[in-house]
Amino acid sequence: MPVHRWIWRDADRCVQKLLRFGETEIDGGRDILRAAEVTSDSLLRRLFMVHATDEHRHGVLFRRRAATLLRALPRQAMPAFQADWLAPGGHGLDDLRVEEESDDTLLAFLHVSEKAAASRFTVYRDALQHDPATRAIFDDILHDEIFHMNYTLTQLVRISPEHHRWHLWRARLSRLWKGYLRLATAVAGVIGAVLLTVQYFIILPPFAFLAKRAQRRERPGWSPISPERNGSLKDEY
Amino acid sequence: MNILGISAHYHDSAAALIVDGVPVCAVQEERLSRRKSDASFPLSAIEWCLDHAGIQPDALDAVVFYERPMLKFDRILTCALRAFPQSWRAFPKAMKNSLGEKVWVRGIISSHLGVPGRKVLFTEHHQSHAAAAFLTAPTRHAAILTSDGVGEWATLTVGHGERRPNGATVITLLREIRFPHSLGMLYSTFTAYLGFKVNEDEYKVMGLAGYGRPTMVDKVRQVIRRTPDGAFALDLDYFEFHTTARRSYSSRFVELFGPARNPYEPIDLESAEGQRFADCAASVQRVLEDTLVDIARALQQETGLRDLCLGGGVALNGVANARVLAESGFDRVFVPPAPGDAGCALGAALYADRIHFGNTDRDVPDHPFWGPSVDGAELKRIAGEDGQFVDELDERTLIDRTADDLAAGRIVAWMEGALEFGPRALGHRSILAAPNSAGMRDRLNREIKYREQFRPFAPVVLIEAADRYFEFPAGGTRLARFMSGVFPVRPAWRERLQAVTHIDGTARVQALERDMAPRLYTLLEAYEKRSGMPVLLNTSLNLAGEPIVNRAVEGYSTFLRSGIDVLVADQTRVMKRGSLLMKRKEDVA
């Protein structure tokens with residue numbers, strides 16, 4: 001909790017977080033809307049539509065609040081450091097291919113995601129004692145999240161009365177697996193970036209020198225296109 | 001001969017299929033994946049194209065990718081080297097981005113489609129643009145001008161194309177302007193500076209320009225100067241797009257034009273700051289137009305040709321297109337319905353067919369409707385399940401009812417036939433409304449499109465009546481076929497066309513011929529009988545941040561989530577009945 005309080009007290013980080021939540025909610029809303037468009041169950045279609053509309057509204061609320069806070073911030077040349085090397089996950093439906101999911105697996109996924117988001121948003125809300133306006137937004141959203149948790153579970157039980165527990169466990173495991181993949185990808189990304197940066201400074205300087213020298217010889221303006229370039233389509237060069 | 005064209009990996013990926021020299025289908029990936037400007041490998045679009053034509057991948061004679069990936073990689077690497085050591089942050093990202101998927105296109109296509117690598121061909125990016133512009137245009141011999149942000153190295157090319165009497169086709173690109181000197185990047189940089197999304201929101205800059213005065217033209221000319229040979233060069237001190245992925249413009253750019261706009265703040269055109277942004281947009285718009293007109297005029301004088309084919313993303317700038325037509329000396333200007341990168345899928349396939357394989361030229365149908373068809377029965381089923389008012393009507397009654405709706409001020413979502421290929425809704429996936437009042441424009445902005453107040457809506461008009469309402473130069477109605485030009489609304493009609501008249505008295509008009517969309521044409525005739533004007537407001541059927549809808553169910557979800565009153569898909573008509581969404585939420589909670 002102290003860490004969260006510290007993060008949310010920093011106005012710049014608070015803005016960045018709200019903007020990111022805004023993006024995640026809106027992206028998630030689009031995926032749920034897609035689910036509404038592909039399901040053949042008419043009740044689910046209507047509920048997904050409500051859910052998607054809620055997510056979009058949440059995104060707008062986060063963005064508006066971020067914009068208001070941003071207005072109060074002094075203009076900065078550089079944003080504060082953000083730990084954005086780890087791809088956002090959890091509440092957003094990243095790496096989910098809605099078309100490839102069945103109604104029951106999607107409902108289980110949504111239920112687990114909404115539950116996780118609700119518990120996280122509760123922590124954030126409690127850390128925002130000093131900022132009643134932002135806290136009110138989390139309160140409002142948490143109210144919707146409860147509805148989302150309830151309907152996803154109710155509908156999962158309706159369409160899969162025998163196997164709903166299994167679907168929920170699978171969704172939890174899949175969430176864990178995706179979390180691991182996100183972490184592994186992020187670590188691999190950092191290692192890759194370090195290696196490439198090292199190569200950049202060790203291997204590239206002589207080539208950079210040659211490239212710069214060649215650039216100085218280039219004249220801006222028109223360059224003729226040789227007729228051979230209109231020829232073969234087999235080359236990738 | 002079956003040839004599949006593919007564009008992918010940067011923005012707006014797409015697939016197009018031509019069979020025996022004639023396009024049979026084309027669709028952007030975003031229309032199937034429902035992710036706006038989807039840049040991923042267009043697997044859904046490819047699958048749909050092959051299904052639609054009823055052919056298996058092994059029946060393809062060639063798969064043509066719209067650019068040369070290794071040449072593009074060469075440019076990215078060279079730019080990183082040239083910007084050494086400032087490019088150290090961008091370098092790892094650029095390499096990971098390119099080496100992950102983008103340079104292995106032959107292998108990716110082979111593995112996805114199961115076609116041998118030798119069947120995979122590559123055109124140059126601007127060859128694809130040129131082919132998309134020339135080979136789809138009804139002209140025998142034309143000059144060609146393509147301009148966009150960047151392809152491999154080229155950012156702007158000029159040349160000419162010819163369909164010879166013996167059936168052979170020639171496209172010759174004569175010269176190019178190379179990265180980083182780019183009209184598209186200049187415009188995109190201002191797009192970012194004005195707080196809009198690059199590669200998506202450039203048209204907002206054009207809309208905003210109408211509210212400003214070009215008071216900063218001299219400043220813009222400081223950042224882009226003309227070269228003695230008639231081309232142009234950017235002063236790279238003002239830009240950062242070639243050295244970093246973080247920002248397009250440099251601190252010097254900010255010193256010159258003032259602080260950039262906060263993207264999360266609305267533009268207040270009443271304030272001095274808002275007016276500065278509008279003036280800035282007007283100034284870059286003016287410089288872009290002047291530069292294009294000069295280059296086109298020189299090309300006309302050089303080639304002596306009467307027709308010009310424009311391609312590349314810059315050809316989406318309708319104001320510039322209209323000036324090119326009026327001032328460059330060409331009699332006709334052709335812009336395809338998809339001049340951007342999506343259209344390159346079709347261009348690449350046509351280029352391979354006509355130039356690489358040397359097949360005889362065939363006329364390409366002059367319409368944009370190459371995508372999946374809408375199914376009215378699907379709408380009837382889902383709207384019926386929701387208890388909406390659903391009618392299935394005969395053609396005459398449907399047209400009459402819809403015309404009545406429009407005359408009564410209702411907003412109609414109109415879906416028919418095959419989906420448009422390209423960014424414009426040209427009558428098959430459109431929102432239609434009466435064009436007369438500013439109140440209608442405000443309602444559309446507020447309840448349906450949820451977008452900035454400064455963005456205009458476009459009209460569609462019967463071609464026979466177009467001159468009565470709009471001031472077209474000679475050849476203007478051709479440019480208006482696919483909404484590619486912006487023209488003045490005649491002053492006498494501006495009061496009655498308020499919803500589609502931009503602040504500067506212009507409109508991005510679509511002049512409709514019966515052959516292109518017969519049902520919409522008939523609807524316009526029916527509307528004329530009621531209102532006295534064969535003009536309707538025509539905007540794309542989508543909500544902010546979403547691609548244009550494809551299937552009936554997507555049209556239905558758009559209808560439910562917005563203030564649209566009536567939805568028509570083929571013969572099915574749905575009237576909105578209360579807020580089903582909120583009711584359902586209360587029931588379940």
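Trainee: Which residues of helix H2 of chain B are buried?
Mentor: In this predicted model, helix H2 of chain B spans residues 43-53, and its buried residues are B:Ala45, B:Ile46, B:Trp48, B:Cys49 and B:Leu50.

Trainee: What do the buried residues of H2(B) pack against?
Mentor: They pack against strands S1 (2-7), S2 (14-19), S3 (22-28) and S13 (369-373) of chain B, and also against helix H1 (29-33) of chain B.

Trainee: Changing topic, how many residues of chain B are in contact with chain A?
Mentor: There are 51 residues of chain B in contact with 44 residues of chain A. Several elements of chain B each supply at least two residues of the side that touches chain A, including helix H3 (69-82), helix H4 (90-102) and strand S8 (169-178).

Trainee: Which element gives the most to that side of chain B?
Mentor: S8(B) does, with seven residues. By class, the residues on the side of chain B that touches chain A divide into 26 nonpolar, eight polar and 17 charged.

Trainee: In which sense do S8(B) and strand S1 of chain A pair, parallel or antiparallel?
Mentor: Strand S1 of chain A, residues 223-224, pairs with S8(B) in the antiparallel sense over two bridges. Within S8(B), B:Arg175 stands opposite A:Pro224.

Trainee: How confident is the prediction for chain A, in terms of pLDDT?
Mentor: Chain A averages a pLDDT of 87, and 90% of the residues score at least 70.

Trainee: Where in chain A is the pLDDT below 50?
Mentor: That is the case over residues 77-93 of chain A, a stretch that has 35 contacts in the model beyond near neighbours in sequence. Where pLDDT is low, the predicted coordinates should not be read in detail.

Trainee: Back to chain B: in what order do the eight strands of the open sheet come?
Mentor: The order is S14-S24-S23-S15-S17-S22-S18-S21, and the pairing is mixed. Strand S14 (389-392) and strand S21 (510-512) of chain B stand at the edges with a single partner strand each, so one side of each is left without a neighbour in the sheet. On average, neighbouring strands of this sheet are turned by 25° against each other, direction ignored.

Trainee: How many bridges join S15 to S23 of chain B?
Mentor: Four bridges join strand S15 (residues 412-415) of chain B to strand S23 (residues 566-569) of chain B, and the two run parallel. B:Val412 stands opposite B:Val566 in S23(B).

Trainee: Which strands does helix H14 of chain B lie across?
Mentor: Helix H14 (residues 376-385) of chain B lies across S14, S23 and strand S24 (572-575) of chain B, and runs at about 30° to S24(B).

Trainee: Next, the helix pairs. At what angle do the axes of H8 and H11 of chain B cross?
Mentor: The axes of helix H8 (residues 202-209) and helix H11 (residues 272-303) of chain B cross at roughly 105° and come within 7 Å. H8(B) is therefore roughly perpendicular to H11(B). Their contact has eight nonpolar, one polar and no charged residues.

Trainee: And how do the axes of H3(B) and H4(B) cross?
Mentor: Those axes cross at roughly 170° and come within 10 Å, which means that H3(B) is roughly antiparallel to H4(B). Among the residues making the contact are B:Phe73 and B:Ile76 of H3(B) and B:Phe91 and B:Ala94 of H4(B).

Notes: Residues are numbered from 1 along each chain as its sequence is written. Chains are lettered from A and ligands numbered from 1 in the order in which they are written. This is a predicted model: local features need pLDDT of at least 70, side-chain atom pairs count only at pLDDT 80 or more; totals for chains, interfaces and linings use all residues. A residue is buried if 20 or more other C-beta atoms lie within 10 Å of its own, exposed if 12 or fewer, and partly exposed in between; C-beta atoms are placed from the backbone. Two residues are in contact if their C-beta atoms, placed from the backbone, lie within 7 Å. Ala, Val, Leu, Ile, Met, Phe, Trp, Tyr, Cys and Pro count as nonpolar, Asp, Glu, Lys and Arg as charged, and the others, Gly among them, as polar. Two strands pair if DSSP finds at least two bridges between them. Axes are lines fitted to C-alpha atoms, for helices over the stretch in contact, and angles run from 0 to 180 degrees between N-to-C directions. pLDDT is the predictor's confidence in each residue, from 0 to 100. Angles under 35 degrees count as roughly parallel, over 145 as roughly antiparallel, 65 to 115 as roughly perpendicular and the rest as oblique.
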